[in-house]
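Subject: Structure handover

Hello,

Here is the structure for you to look through. Please open it beside this message and follow the residues as they come up.

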Amino acid sequence: MGCSGSKESQVEPEPSKAATPSQPTAAPQSTSQTPPAASATTATTAHPTAKPEPKPVPKPDPKPESKPEPKVEPKPEPKPEPKPEPTPEPTPEPKAPAESAPPQKTEVAPEPAKAAPPPDGLAKEDKQVFLILGGPGTGVTENCAALADKYGCHHLVVGKLMRAEVMSESTEGKSIAQMMNEGRGISANVYANIYRKVIDSTHVPKEKKGSPSACFLVDGFPRSTDDAKLFEEHVGKAEGAIALSAPKAAALARLKKADASLADNVFDSRLEAYGKRTLPMVQALESGGLKVHRLNAGADDSAVVEAMAISLGWAEGTVPPELLAGLNDDAAEAEVEVEDPAEGAPEADVPER
(Lines give C-alpha, C1' and ligand atoms only; values in the text may rest on other atoms or scores of the structure.)
Protein backbone atom coordinates (compact mmCIF):
# COMPACT_ATOMS: atom_id res chain seq x y z
CA MET A 1 0.00 0.00 0.00
CA GLY A 2 2.71 2.29 1.09
CA CYS A 3 4.37 1.45 -2.11
CA SER A 4 1.37 2.18 -4.11
CA GLY A 5 0.97 5.45 -2.29
CA SER A 6 4.41 6.34 -3.22
CA LYS A 7 3.66 5.36 -6.75
CA GLU A 8 0.71 7.62 -6.69
CA SER A 9 2.77 10.42 -5.47
CA GLN A 10 5.09 9.71 -8.34
CA VAL A 11 2.29 9.86 -10.79
CA GLU A 12 1.10 13.16 -9.36
CA PRO A 13 3.46 15.31 -11.28
CA GLU A 14 1.63 14.58 -14.46
CA PRO A 15 -1.41 16.57 -13.33
CA SER A 16 0.97 19.25 -12.29
CA LYS A 17 2.02 19.42 -15.93
CA ALA A 18 -1.57 19.93 -16.72
CA ALA A 19 -1.80 22.59 -14.09
CA THR A 20 0.94 24.56 -15.65
CA PRO A 21 -1.25 25.82 -18.38
CA SER A 22 -3.58 27.35 -15.86
CA GLN A 23 -0.85 29.37 -14.34
CA PRO A 24 -0.36 31.43 -17.34
CA THR A 25 -3.94 32.63 -16.83
CA ALA A 26 -2.72 34.55 -13.80
CA ALA A 27 0.24 35.63 -15.78
CA PRO A 28 -1.55 38.40 -17.65
CA GLN A 29 -1.61 40.42 -14.42
CA SER A 30 2.06 40.84 -14.70
CA THR A 31 3.18 39.76 -18.06
CA SER A 32 6.77 40.53 -17.50
CA GLN A 33 7.15 38.74 -14.18
CA THR A 34 6.65 35.19 -12.74
CA PRO A 35 5.02 32.81 -15.19
CA PRO A 36 8.18 31.07 -16.09
CA ALA A 37 9.47 31.15 -12.47
CA ALA A 38 6.19 29.80 -10.96
CA SER A 39 6.14 26.81 -13.24
CA ALA A 40 9.71 26.07 -12.34
CA THR A 41 8.89 26.06 -8.55
CA THR A 42 5.95 23.73 -8.98
CA ALA A 43 8.03 21.40 -10.97
CA THR A 44 10.73 21.12 -8.34
CA THR A 45 8.31 20.44 -5.44
CA ALA A 46 6.46 17.86 -7.39
CA HIS A 47 9.42 15.97 -8.62
CA PRO A 48 12.68 17.05 -7.26
CA THR A 49 14.65 14.66 -9.41
CA ALA A 50 12.98 15.01 -12.86
CA LYS A 51 13.73 18.37 -14.20
CA PRO A 52 10.90 19.44 -16.36
CA GLU A 53 12.06 20.06 -19.82
CA PRO A 54 12.37 23.79 -20.06
CA LYS A 55 9.53 24.95 -22.13
CA PRO A 56 10.97 26.73 -24.96
CA VAL A 57 9.76 30.23 -24.65
CA PRO A 58 7.23 30.25 -27.35
CA LYS A 59 8.64 32.41 -29.97
CA PRO A 60 5.92 34.69 -30.99
CA ASP A 61 4.59 33.37 -34.17
CA PRO A 62 5.89 35.66 -36.75
CA LYS A 63 2.98 37.83 -37.52
CA PRO A 64 2.03 37.26 -41.00
CA GLU A 65 2.09 40.95 -41.48
CA SER A 66 5.56 41.13 -40.20
CA LYS A 67 6.66 38.49 -42.61
CA PRO A 68 8.99 40.45 -44.59
CA GLU A 69 6.96 40.76 -47.63
CA PRO A 70 8.92 39.04 -50.16
CA LYS A 71 10.83 41.98 -51.17
CA VAL A 72 9.61 42.41 -54.56
CA GLU A 73 12.81 43.84 -55.30
CA PRO A 74 11.91 46.55 -57.65
CA LYS A 75 12.85 45.04 -60.83
CA PRO A 76 15.68 47.16 -61.61
CA GLU A 77 14.20 49.35 -64.21
CA PRO A 78 15.79 48.02 -67.20
CA LYS A 79 18.63 50.32 -67.04
CA PRO A 80 18.70 51.70 -70.42
CA GLU A 81 21.25 49.37 -71.50
CA PRO A 82 24.11 51.59 -71.08
CA LYS A 83 24.48 52.59 -74.58
CA PRO A 84 28.01 51.88 -74.98
CA GLU A 85 29.28 55.34 -74.63
CA PRO A 86 30.26 56.14 -78.08
CA THR A 87 33.72 55.15 -77.65
CA PRO A 88 35.34 58.12 -79.13
CA GLU A 89 36.41 56.69 -82.32
CA PRO A 90 40.04 56.76 -82.16
CA THR A 91 40.66 60.01 -83.84
CA PRO A 92 42.23 58.89 -86.99
CA GLU A 93 45.70 60.00 -87.01
CA PRO A 94 45.52 63.11 -89.07
CA LYS A 95 46.12 61.93 -92.54
CA ALA A 96 47.81 64.48 -94.56
CA PRO A 97 44.82 66.66 -95.60
CA ALA A 98 46.54 67.48 -98.80
CA GLU A 99 45.88 63.94 -100.06
CA SER A 100 42.09 64.06 -99.57
CA ALA A 101 41.65 67.70 -100.53
CA PRO A 102 42.11 67.55 -104.32
CA PRO A 103 38.68 65.99 -105.07
CA GLN A 104 36.94 68.91 -103.31
CA LYS A 105 38.75 71.54 -105.29
CA THR A 106 36.40 70.91 -108.19
CA GLU A 107 33.61 72.67 -106.24
CA VAL A 108 35.32 76.00 -106.49
CA ALA A 109 36.79 75.48 -109.89
CA PRO A 110 36.00 78.34 -112.24
CA GLU A 111 33.33 77.75 -114.85
CA PRO A 112 34.73 76.68 -118.20
CA ALA A 113 33.63 80.00 -119.67
CA LYS A 114 36.03 81.81 -117.37
CA ALA A 115 38.94 79.47 -118.03
CA ALA A 116 42.12 80.93 -119.40
CA PRO A 117 42.56 80.47 -123.14
CA PRO A 118 44.83 77.64 -124.24
CA PRO A 119 48.48 78.54 -124.86
CA ASP A 120 47.94 78.64 -128.62
CA GLY A 121 44.91 80.96 -128.37
CA LEU A 122 44.58 84.73 -128.51
CA ALA A 123 44.52 86.65 -125.25
CA LYS A 124 41.44 88.73 -124.47
CA GLU A 125 43.13 92.00 -125.35
CA ASP A 126 43.87 90.72 -128.87
CA LYS A 127 40.20 90.03 -129.60
CA GLN A 128 38.37 92.90 -131.28
CA VAL A 129 34.79 93.82 -130.34
CA PHE A 130 32.50 95.92 -132.54
CA LEU A 131 29.07 97.18 -131.54
CA ILE A 132 26.47 96.86 -134.33
CA LEU A 133 23.58 99.19 -133.54
CA GLY A 134 20.37 100.03 -135.35
CA GLY A 135 16.68 100.64 -134.87
CA PRO A 136 13.86 98.24 -135.81
CA GLY A 137 13.76 97.30 -139.48
CA THR A 138 17.42 98.17 -140.19
CA GLY A 139 18.44 94.52 -140.66
CA VAL A 140 21.16 94.46 -137.98
CA THR A 141 20.85 90.73 -137.27
CA GLU A 142 20.56 89.66 -140.92
CA ASN A 143 23.52 91.77 -142.04
CA CYS A 144 25.73 90.55 -139.18
CA ALA A 145 24.87 86.95 -140.04
CA ALA A 146 25.89 87.62 -143.66
CA LEU A 147 29.24 89.05 -142.49
CA ALA A 148 29.85 86.01 -140.26
CA ASP A 149 29.17 83.66 -143.17
CA LYS A 150 31.45 85.56 -145.55
CA TYR A 151 34.36 86.56 -143.29
CA GLY A 152 34.25 84.08 -140.39
CA CYS A 153 33.74 86.62 -137.62
CA HIS A 154 31.79 85.84 -134.43
CA HIS A 155 28.21 87.10 -134.42
CA LEU A 156 26.87 87.41 -130.86
CA VAL A 157 23.07 87.89 -130.72
CA VAL A 158 21.79 88.74 -127.26
CA GLY A 159 18.69 86.52 -127.44
CA LYS A 160 20.61 83.45 -128.64
CA LEU A 161 23.29 83.91 -125.99
CA MET A 162 20.68 84.04 -123.24
CA ARG A 163 18.96 80.87 -124.47
CA ALA A 164 22.30 79.07 -124.74
CA GLU A 165 23.17 80.06 -121.17
CA VAL A 166 19.83 78.73 -119.90
CA MET A 167 20.32 75.45 -121.80
CA SER A 168 23.80 75.04 -120.29
CA GLU A 169 22.17 74.80 -116.82
CA SER A 170 24.98 76.84 -115.33
CA THR A 171 24.32 78.73 -112.10
CA GLU A 172 23.73 81.92 -114.05
CA GLY A 173 21.61 80.07 -116.62
CA LYS A 174 19.29 78.74 -113.89
CA SER A 175 18.98 82.22 -112.45
CA ILE A 176 18.04 83.62 -115.87
CA ALA A 177 15.46 80.85 -116.40
CA GLN A 178 13.87 81.63 -113.04
CA MET A 179 13.66 85.35 -113.90
CA MET A 180 12.03 84.51 -117.23
CA ASN A 181 9.53 82.10 -115.65
CA GLU A 182 8.55 84.71 -113.06
CA GLY A 183 8.11 87.34 -115.75
CA ARG A 184 10.88 89.51 -114.33
CA GLY A 185 13.09 91.61 -116.54
CA ILE A 186 16.71 90.60 -116.98
CA SER A 187 19.12 93.28 -115.92
CA ALA A 188 21.68 94.84 -118.23
CA ASN A 189 24.33 93.60 -115.81
CA VAL A 190 23.40 89.99 -116.67
CA TYR A 191 23.61 90.70 -120.40
CA ALA A 192 27.04 92.31 -120.07
CA ASN A 193 28.33 89.41 -118.00
CA ILE A 194 27.11 86.83 -120.54
CA TYR A 195 28.93 88.68 -123.35
CA ARG A 196 32.10 88.72 -121.26
CA LYS A 197 31.95 84.97 -120.61
CA VAL A 198 31.37 84.13 -124.25
CA ILE A 199 34.10 86.40 -125.62
CA ASP A 200 36.65 85.30 -123.01
CA SER A 201 35.97 81.59 -123.56
CA THR A 202 35.91 81.63 -127.38
CA HIS A 203 39.12 80.14 -128.70
CA VAL A 204 40.80 82.10 -131.47
CA PRO A 205 44.11 80.74 -132.82
CA LYS A 206 47.02 83.13 -132.44
CA GLU A 207 47.66 83.22 -136.18
CA LYS A 208 44.20 84.77 -136.65
CA LYS A 209 45.16 87.93 -134.81
CA GLY A 210 43.97 91.03 -136.67
CA SER A 211 41.70 89.03 -139.01
CA PRO A 212 37.86 88.92 -139.01
CA SER A 213 38.13 85.58 -137.18
CA ALA A 214 39.38 87.51 -134.13
CA CYS A 215 36.45 89.91 -134.27
CA PHE A 216 33.14 89.78 -132.38
CA LEU A 217 30.06 91.61 -133.64
CA VAL A 218 27.81 92.44 -130.68
CA ASP A 219 24.17 92.55 -131.80
CA GLY A 220 21.36 93.76 -129.51
CA PHE A 221 23.38 95.31 -126.70
CA PRO A 222 24.11 97.87 -125.30
CA ARG A 223 20.89 99.86 -125.66
CA SER A 224 21.48 102.87 -123.44
CA THR A 225 24.29 105.00 -122.07
CA ASP A 226 24.20 103.09 -118.78
CA ASP A 227 24.36 99.79 -120.66
CA ALA A 228 27.43 101.03 -122.55
CA LYS A 229 29.21 101.78 -119.27
CA LEU A 230 28.39 98.31 -117.93
CA PHE A 231 29.57 96.70 -121.14
CA GLU A 232 32.90 98.51 -120.95
CA GLU A 233 33.34 97.45 -117.30
CA HIS A 234 32.61 93.76 -118.00
CA VAL A 235 33.94 93.26 -121.52
CA GLY A 236 36.26 96.16 -122.21
CA LYS A 237 36.31 99.05 -124.64
CA ALA A 238 34.90 98.35 -128.09
CA GLU A 239 37.12 98.74 -131.14
CA GLY A 240 34.44 100.62 -133.02
CA ALA A 241 30.73 100.72 -133.84
CA ILE A 242 28.38 100.71 -136.82
CA ALA A 243 25.02 102.48 -136.52
CA LEU A 244 22.47 101.51 -139.17
CA SER A 245 19.48 103.66 -139.97
CA ALA A 246 16.69 103.49 -142.55
CA PRO A 247 13.70 105.56 -143.66
CA LYS A 248 10.63 104.70 -141.60
CA ALA A 249 8.67 103.29 -144.57
CA ALA A 250 11.58 101.06 -145.65
CA ALA A 251 12.11 99.81 -142.08
CA LEU A 252 8.41 98.98 -141.60
CA ALA A 253 8.23 97.19 -144.96
CA ARG A 254 11.25 95.07 -144.03
CA LEU A 255 9.68 93.99 -140.71
CA LYS A 256 6.34 93.16 -142.31
CA LYS A 257 8.10 90.74 -144.65
CA ALA A 258 9.11 88.76 -141.58
CA ASP A 259 5.82 89.25 -139.69
CA ALA A 260 2.82 90.35 -141.70
CA SER A 261 0.71 90.70 -138.54
CA LEU A 262 2.98 93.39 -137.06
CA ALA A 263 0.85 96.41 -136.17
CA ASP A 264 2.06 99.87 -137.10
CA ASN A 265 1.72 101.14 -133.53
CA VAL A 266 4.00 98.36 -132.27
CA PHE A 267 6.63 99.37 -134.79
CA ASP A 268 6.22 103.02 -133.79
CA SER A 269 6.75 102.10 -130.14
CA ARG A 270 10.01 100.29 -130.93
CA LEU A 271 11.24 103.14 -133.05
CA GLU A 272 10.48 105.63 -130.28
CA ALA A 273 12.33 103.47 -127.76
CA TYR A 274 15.40 103.42 -129.99
CA GLY A 275 15.24 107.19 -130.48
CA LYS A 276 14.86 107.96 -126.78
CA ARG A 277 17.46 105.59 -125.36
CA THR A 278 19.87 104.26 -127.97
CA LEU A 279 20.56 107.30 -130.15
CA PRO A 280 21.80 109.36 -127.16
CA MET A 281 24.14 106.46 -126.36
CA VAL A 282 25.52 106.49 -129.93
CA GLN A 283 26.26 110.19 -129.58
CA ALA A 284 27.88 109.63 -126.18
CA LEU A 285 30.10 106.85 -127.56
CA GLU A 286 31.23 109.08 -130.42
CA SER A 287 31.87 111.97 -128.04
CA GLY A 288 33.95 109.61 -125.91
CA GLY A 289 36.29 108.93 -128.85
CA LEU A 290 34.77 105.73 -130.27
CA LYS A 291 34.73 105.61 -134.08
CA VAL A 292 31.07 105.21 -135.17
CA HIS A 293 30.30 104.40 -138.83
CA ARG A 294 26.78 105.52 -139.78
CA LEU A 295 25.30 103.64 -142.73
CA ASN A 296 22.03 103.77 -144.62
CA ALA A 297 20.38 100.33 -144.30
CA GLY A 298 17.57 101.22 -146.69
CA ALA A 299 19.67 100.19 -149.68
CA ASP A 300 20.11 96.70 -151.11
CA ASP A 301 21.26 94.18 -148.45
CA SER A 302 24.37 93.05 -150.35
CA ALA A 303 25.46 96.66 -150.78
CA VAL A 304 24.92 97.31 -147.07
CA VAL A 305 26.94 94.22 -146.09
CA GLU A 306 29.77 95.36 -148.37
CA ALA A 307 29.70 98.85 -146.85
CA MET A 308 29.86 97.30 -143.35
CA ALA A 309 32.88 95.17 -144.34
CA ILE A 310 34.68 98.26 -145.68
CA SER A 311 33.91 100.14 -142.45
CA LEU A 312 35.33 97.27 -140.40
CA GLY A 313 38.49 97.17 -142.53
CA TRP A 314 37.79 93.73 -143.97
CA ALA A 315 37.26 94.87 -147.56
CA GLU A 316 39.03 97.39 -149.73
CA GLY A 317 37.43 100.47 -151.17
CA THR A 318 35.30 103.29 -149.84
CA VAL A 319 31.67 103.39 -148.88
CA PRO A 320 29.47 104.90 -151.63
CA PRO A 321 28.03 108.27 -150.60
CA GLU A 322 24.45 107.00 -150.91
CA LEU A 323 25.18 104.43 -148.20
CA LEU A 324 26.47 107.00 -145.75
CA ALA A 325 23.81 108.22 -143.35
CA GLY A 326 23.27 110.39 -140.33
CA LEU A 327 21.28 109.45 -137.27
CA ASN A 328 17.77 108.16 -137.89
CA ASP A 329 15.80 111.44 -137.90
CA ASP A 330 12.46 109.67 -137.36
CA ALA A 331 13.81 107.98 -134.24
CA ALA A 332 15.62 111.09 -133.03
CA GLU A 333 12.39 113.08 -133.02
CA ALA A 334 10.47 110.51 -130.97
CA GLU A 335 9.06 112.04 -127.80
CA VAL A 336 7.14 109.19 -126.16
CA GLU A 337 8.78 107.70 -123.04
CA VAL A 338 8.92 103.92 -123.17
CA GLU A 339 10.38 101.27 -120.91
CA ASP A 340 13.98 100.34 -121.48
CA PRO A 341 13.99 97.16 -123.58
CA ALA A 342 17.08 96.03 -121.68
CA GLU A 343 14.87 95.54 -118.63
CA GLY A 344 12.51 93.20 -120.49
CA ALA A 345 12.76 90.47 -123.12
CA PRO A 346 15.86 90.67 -125.31
CA GLU A 347 15.21 92.71 -128.42
CA ALA A 348 16.62 89.86 -130.50
CA ASP A 349 13.55 87.82 -129.57
CA VAL A 350 11.30 90.13 -131.60
CA PRO A 351 11.26 90.11 -135.44
CA GLU A 352 14.70 90.66 -136.96
CA ARG A 353 15.72 94.27 -137.29
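A residue is called buried when its relative accessible area is under 20%, exposed when over 50%, and partly exposed in between, using a 1.4 Å probe and protein chains only. By that scale Lys248, at 36% relative accessibility, is partly exposed.

This is a predicted model, in which local features need pLDDT of at least 70 and side-chain atom pairs count only at pLDDT 80 or more, while totals for chains, interfaces and linings use all residues. Residues are numbered from 1 along each chain as its sequence is written, and side-chain values use heavy atoms, with hydrogens and water left out.

Salt bridges

A salt bridge here is a side-chain nitrogen of Lys or Arg within 4 Å of a carboxyl oxygen of Asp or Glu. Side chains of opposite charge can pair when their charged atoms come close. The search of the whole structure found 12 salt bridges.

One of them joins Lys248 to Asp268, with the closest N and O atoms 3.2 Å apart. Lys248 is in helix H11 (residues 248-258) and Asp268 in helix H12 (residues 264-287), so this pair links distant parts of the chain, 20 residues apart. Helices (H or I, at least four residues) and strands (E, at least two) are DSSP runs, numbered from the N terminus. Asp268 is partly exposed, with a relative accessible area of 25%.Another salt bridge is between Glu172 and Lys197 (3.5 Å, N to O). Glu172 lies in helix H8 (residues 171-181) and Lys197 in helix H9, so the pair ties together parts that are 25 residues apart in sequence. Lys197 is buried, at 3% relative accessibility.

Lys124 and Asp200 also meet through their side chains in a salt bridge (4.0 Å, N to O). Lys124 sits in the loop between helix H5 (97-100) and strand S1 (128-134), and Asp200 in helix H9, 76 residues apart. Lys124 is partly exposed at 36%, whereas Asp200 is buried at 19%.

Helices H7 and H9

How do H7 and H9 lie to each other? The axes of H7 (residues 158-167) and H9 (residues 188-201) come within 10 Å and cross at roughly 80 degrees. Axes are lines fitted to C-alpha atoms, for helices over the stretch in contact, and angles run from 0 to 180 degrees between N-to-C directions. Angles under 35 degrees count as roughly parallel, over 145 as roughly antiparallel, 65 to 115 as roughly perpendicular and the rest as oblique. H7 and H9 are therefore roughly perpendicular.

Contact means heavy atoms within 4.5 Å. Val158, Leu161, Met162 and Glu165 in H7 meet residues of H9, among them Tyr191 and Lys197.

Aromatic pairs

Rings of Phe, Tyr and Trp (its six-membered ring) pair if their centres lie within 6.5 Å; planes under 30 degrees apart count as stacked, over 60 as edge-to-face and the rest as tilted. By this rule there are 5 aromatic pairs. Tyr151 and Trp314 form a tilted pair, 5.5 Å centre to centre with 50 degrees between the planes. Both residues, Tyr151 and Trp314, are buried. The rings of Tyr191 and Phe221 are also tilted, because their centres are 5.7 Å apart and their planes at 50 degrees. Tyr191 is buried at 1% relative accessibility, and Phe221 is buried at 0%. Ring pairs link Tyr191, Tyr195, Phe221 and Phe231 into a cluster.

Regards
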